[in-house]
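This report describes a structure for a reader who has not seen it before. The sequence and the model come first, and the description follows.

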Amino acid sequence: MTTHAATGDELRTSRLQLRLRNLRSFMGRFLKRRDGVLGLAILVVFTTLAIAPQLFVGPLETAVTASGMRLEPPSAAHILGTDELGRDMLNLTVHGTRTSMAIGLLATAITVVIGAVLGIVSGFIGGATDTVLMRVSDFFLVLPTFVLALILAPVLLDVIGANAELFGMRMTLVVIVIVIGITSWAGTARIIRSQTLSLRERAFVDRARVIGSNGRQVMSRHIMPNVMSLVVANAVLTFAGAVLTETTLSFIGLGDPFQPSWGQILNAAQGAGAPGLGAWWYLAPPAVGIILVVLAFTLLGNALDDVLNPKLRVRQ
Amino acid sequence: MSSRYLARRIFQALITIAFILVLNFFLFRLMPGSPERVLTRNPNISAETKQQLKAKWGLDKPLFPDQFIAYIESTAQGDLGLSFKYRGEPVTEVLGDRIWPTIILFGLGELIAVVVGLGLGAYAGWKRGGSVDYMGNGLSLVLYSTPYFVIGMFLLVIFATALGWFPTNGMLTVGATYDSFWERLQDFGSHLFLPLVTVSIGLIGLYSILMRSSIIETLAEDYVQTARAKGLKDSRVLRDHALPNALLPAVTIVALQLGYVIAGAITAEIVFNWPGLGTLTVDALAARDYPVLQGIFLLLAISVVLANLAADILYGRLDPRVRV
């Protein structure tokens, strides 16, 4: 009995060591990618702003609590100027960070969960399930999220109503999250499926079968951990797309003026005629935010993809 | 190209279009303001009248298959219903008025972007690690991360508002009279310039990234090594061996991306108030003009499917490896 326990402990220690070594080798490879590190640094800054915007700029200014005059250019009092209601642009933009990042995060979570689950199930079970799921994914793969969102979002909004709230998030935003989530999972599902197909044939899956694991156990205990790194790299790239889609949807008028995202601020700027009035300070802050965040996610995602994706990884 | 490959692609495209029609049909029944809801909401209508009205509009028949077939029939005949907003004008006519400005803007923009973007990408990939590659790659990534309408807003602030070189909105000067066709064209051109530059710049980033990676992949192929080993000059290796092979996947991806880019590019119209599908979308969304929205959806969705099909067929025709 004692020998048995000892081997169990040994096994656990060696597994821990293996994990640590894997982590160290991953960090070593990742830190060599300067673009990835730059992306990560930018994201840390914006995430901090998104978590506690009121710490940096106070509560979100409204038409009533606006601190300046209308469309003031940048000055000492308002370093980024004001909008057409006299609200401070720095205040608006920092609060917009929170909305844009939150929508991006939630939409990415939905996309990745649907994509990963359907990808694993489709690849592992195969047969008719696989065929049906892949035909459905074809549909979503071919049709751009934006085009589908164009009719899904207003219909959902009118059915649900824009004024309700869910966990402090206005329904308009919840609808945007749902619409992005359910329309952009197909790419993730495809990638995960192809990885699952190759994992399914590996010896450890057979071994798990032999000791009596059922399909669900094999999928959750053996396949899932092995596609996780791929899921992470994919999620980061999905995030970039989700932020861009949210921006576009808000800009064409599907956003929420009471919880403004960067796209919503640009929509308001367009509505107030800011480009024609030469009010560049109204446009620049949210625009720079969008560009930096999307760029950062793309850089980080590509770096992670190179480091984590077994197909792209160069053998050393 | 084997006819089986062709047949399978066409079949897939038809299935997708069928999905699109089903989605369009059921969403229309789900949303507020659909005839059935309006009919049942009014308390002053007697049961018989309600029944009569239902029979008149065909709502007494089951949703599937009767109503669905009627919907497919009218859609196939080009009847997309009547616009709520534009005084009951048929949707097909509303779309017809707005589609040409978009086709001109997007078509020219796509053309410029393909030529410039593929050229830039090929050069950057060929001189990989050089200064043009370094700058170009960085710039392309930034452009790729920028929504089209943001590019447009800044061009408008700089070149129309501040410098006054170009008009700020519309397709022609409002109320202008022209002495000749030439003058009219000039006015049109000055209105077109900034939106066109916006769409082109937005697309160039994407296309040069695609072409760059394609040429880098091709340069690693054995036949390029062979060409070099034969002692061919660099320019000939590029022109005769690397470029033609690298163009193939790049052009295909350009065709595949068409749907995504047109969806993004129509937002550039909004900034310049260009009277195309983008501005129509915003107006229809604001007025919840569902028949028009559905028309736009159908139009965009089906063109995306057809662009995909064209890309597949093109690829199958050009690349012998796909034919087997």
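Which residues does Lys85(B) touch, not counting residues up to four places away in sequence? Lys85(B) touches Asp283(B), Ala284(B), Ala287(B), Asp289(B) and Val292(B), where a contact means that two C-beta atoms, placed from the backbone, lie within 7 Å.

## Basis of the model

This is a predicted model, in which local features need pLDDT of at least 70 and side-chain atom pairs count only at pLDDT 80 or more, while totals for chains, interfaces and linings use all residues. Residues are numbered from 1 along each chain as its sequence is written, and chains are lettered from A and ligands numbered from 1 in the order in which they are written.

## The two chains

Chain A has 13 helices and two strands; helices (H or I, at least four residues) and strands (E, at least two) are DSSP runs, numbered from the N terminus. Along the principal axes, the C-alpha atoms of chain A fill a box of roughly 80 × 40 × 35 Å. Of the 316 residues in chain A, 47% are buried. A residue is buried if 20 or more other C-beta atoms lie within 10 Å of its own, exposed if 12 or fewer, and partly exposed in between. Among contacts in chain A between residues at least 6 apart in sequence, 69% join residues at least 24 apart.

Chain B has 13 helices and zero strands. Buried residues account for 36% of the 324 residues in chain B. For contacts in chain B between residues at least 6 apart in sequence, 73% join residues at least 24 apart.

## Helices of chain A

Helix 4 of chain A covers residues 89-125 and has 37 residues. At 1.5 Å a residue, helix 4 of chain A should span 54 Å, and its end C-alpha atoms are 53 Å apart, which agrees; the expected span is 1.5 Å times one less than the number of residues. Because 29 of its 37 residues are buried, helix 4 of chain A is largely enclosed by the rest of the structure. Gly126(A) follows helix 4 of chain A and has a positive phi, near 65°.

Helix 10 and helix 13 of chain A pack at an angle of about 160°, with their axes 8 Å apart. Axes are lines fitted to C-alpha atoms, for helices over the stretch in contact, and angles run from 0 to 180 degrees between N-to-C directions. Helix 10 of chain A is therefore roughly antiparallel to helix 13 of chain A (under 35 degrees is roughly parallel, over 145 roughly antiparallel, 65 to 115 roughly perpendicular and the rest oblique). The residues of this contact divide into 16 nonpolar, four polar and one charged. Ala, Val, Leu, Ile, Met, Phe, Trp, Tyr, Cys and Pro count as nonpolar, Asp, Glu, Lys and Arg as charged, and the others, Gly among them, as polar.

## Helices of chain B

In chain B, helix 5 (residues 91-126) and helix 6 (residues 131-144) pack at an angle of about 130°, with their axes 8 Å apart. Helix 5 and helix 6 of chain B are therefore oblique to each other. Leu120(B), Tyr123(B) and Ala124(B) in helix 5 of chain B meet Val132(B), Asp133(B), Gly136(B) and Asn137(B) in helix 6 of chain B. By class, the residues of this contact are four nonpolar, two polar and one charged.

Arg98(B) also lies in helix 5 of chain B. With 23 other C-beta atoms within 10 Å, Arg98(B) is buried. Arg98(B) touches Pro275(B), Gly276(B), Leu277(B) and Leu280(B), not counting residues up to four places away in sequence. The C-alpha atoms of Arg98(B) and Trp274(B) are separated by 9.5 Å, although these residues are 176 apart along the chain.

## Loops of chain B

Lys85(B) lies in the loop between helix 4 (63-76) and helix 5 of chain B. Lys85(B) counts as partly exposed because it has 17 C-beta neighbours inside 10 Å.

Asn273(B) lies in the loop between helix 10 (234-272) and helix 11 (277-286) of chain B. Phi of Asn273(B) is near 55°, a positive value in a residue other than glycine. Most residues other than glycine have a negative phi. Asn273(B) is partly exposed, with 19 other C-beta atoms within 10 Å.

## Where the chains meet

In the interface, 33 residues of chain A are in contact with 43 residues of chain B. The side of chain A that touches chain B has 23 nonpolar, seven polar and three charged residues.
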